[in-house]
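Open the model in a viewer and keep the sequence panel beside it. The stops below are given in the order in which to select them.

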Amino acid sequence: MNKFVVIEVGSTNTKTYLQDNKLYDLGIITIEFKNNYKLNKRLMESDLEKLYDHIETLKKYECPILVFGTSVFRYLDDLERGTFLKEFKDNTGCDFTIVTQDMENELTVYGVLANIDYDGRLAVMIGGGASTEVSIVEHKQIIERADNNYGAMDVCDRFPDINNDTATSSYKEMVEDTLDMTKVPNNKSDILVLAGGDYLKFYETLKYPLEQNKFYKDTKQPWCIDFTTMVNCDNDFFYHKSLLEIQNENFESRSWWSGGTRGMRICVTTIAKVVGAKYIIPTRINMIYGIIEKMKNS
């Protein structure tokens, strides 16, 4: 398949890409599927309408539209799942694939490894609003996994002040609290690759002092940062930078900045600690990159 659109529908963020000789990022829209499901015990029609409307705008590309759902869609019971899948097909003409946690992990790791020449050990963190998965990779094979049922939004729920203009909760205490919930892998890695979200957007917008990736070359993984420098910059982001000013300066993605960016920082630091990472490689690689690589090679 040479030309196709791929959509990943997550708990909060819906990401869209067009593959047409090269990959085009068509952006992120925010649909609060998980929060609204928790409140109402069902998928909200208003959220589904947003998704249907989004898909309608993509039909102008005149190519197959592949839709994959994670997180909250895994919670649906058999009746809910059947009703939703039929309604989705009726409204969009597209199929909706609910991806298991194992599939999401494997596809994302495949996206990280597909185009790099590196056989050493890596830890790959797949961060989301409601889950944080870690894979330890050696010789391009997953040798261990540690999956955690918390994510950036859960940290924000536990420490709601971090979504204020400046935070008041102690960074150290938030990390310690999150460490208590975290499964610790037996295998360690000096290098932690961040995947599952747009980490490059975060690091580049806030001008973290990134270095050229010294471990391998990949245009999707151009930078790295050492752990201590990252934590120092995080503290500046929490206590000395105005979240409102950042939102105003990045108006088109303001909801993204208020949707758990500080919570994700705690997740990143926690996982870096449990794997013993000295360097962090931020990416925007997610499950979709793995799907695209497999589709290109099929």
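Which cysteine sulfur is closest to the sulfur of Cys156, and how far away is it? Select Cys156 and Cys267: the sulfur of Cys156 lies 8.4 Å from that of Cys267, the closest one, and this is too far for a bond. A disulfide is a pair of cysteine sulfur atoms within 2.5 Å, and the structure holds zero of them. Cys94 is likewise in no disulfide, the nearest cysteine sulfur being that of Cys63, 9.9 Å away. Cys156 is buried at 4% relative accessible area, and Cys94 is buried at 9%. Here buried means under 20% relative accessible area, exposed means over 50%, and partly exposed is in between, with a 1.4 Å probe and protein chains only.

Before moving on, note that this is a predicted model, in which local features need pLDDT of at least 70 and side-chain atom pairs count only at pLDDT 80 or more, while totals for chains, interfaces and linings use all residues. Residues are numbered from 1 along each chain as its sequence is written, and side-chain values use heavy atoms, with hydrogens and water left out.

Next, the nonpolar cores. A nonpolar core is a set of buried Ala, Val, Leu, Ile, Met, Phe, Trp, Tyr and Cys residues joined through side-chain atoms within 4.5 Å. Select Met125, Leu192, Tyr203, Tyr208, Met230 and Ile280, the residues with the most contacts inside the largest core, which has 42 residues. Helix 11 (residues 261-275) gives the largest share of this core, eight residues. Helices (H or I, at least four residues) and strands (E, at least two) are DSSP runs, numbered from the N terminus.

Stay on Leu192 and show its contacts, meaning heavy atoms within 4.5 Å. Leaving out residues up to four places away in sequence, Leu192 touches Ala123, Val124, Met125, Val268, Ile271, Ala272, Ala277, Tyr279, Ile280 and Ile281. Another core, of 29 residues, lies apart from that one and includes Phe4, Ile288, Tyr289 and Ile291.

Now select Arg145, in strand 8 (residues 141-148). Arg145 is partly exposed, at 26% relative accessibility. Not counting residues up to four places away in sequence, Arg145 touches Gln101, Asp102, Asn105, Val134 and Ser135. Its side chain makes a polar contact of 2.8 Å with the side chain of Asp102 and another, of 2.4 Å, with the side chain of Asp147. A polar contact is a pair of N or O atoms within 3.5 Å; within protein, one must be able to donate a hydrogen and the other to accept it, and residues adjacent in sequence count only if both atoms are side-chain atoms.

The last stop is the salt bridges, each a side-chain nitrogen of Lys or Arg within 4 Å of a carboxyl oxygen of Asp or Glu. The count comes to 16. Select Asp154 and Lys34, whose side chains form a salt bridge at 3.6 Å, N to O. Asp154 is in helix 5 (residues 152-158) and Lys34 in helix 1 (residues 33-40), 120 residues apart. Asp154 is buried at 18%, and Lys34 is buried at 8%.

Then take Asp157 and Lys38, a salt bridge with its closest N and O atoms 3.9 Å apart. This pair also links helix 5 and helix 1, across 119 residues. Asp157 is exposed at 51%, whereas Lys38 is partly exposed at 42%.

Finish with Lys89 and Asp95, whose closest N and O atoms are 3.1 Å apart in a salt bridge. Going back to Arg145, salt bridges that share partners join Asp102, Arg145 and Asp147 into one network.
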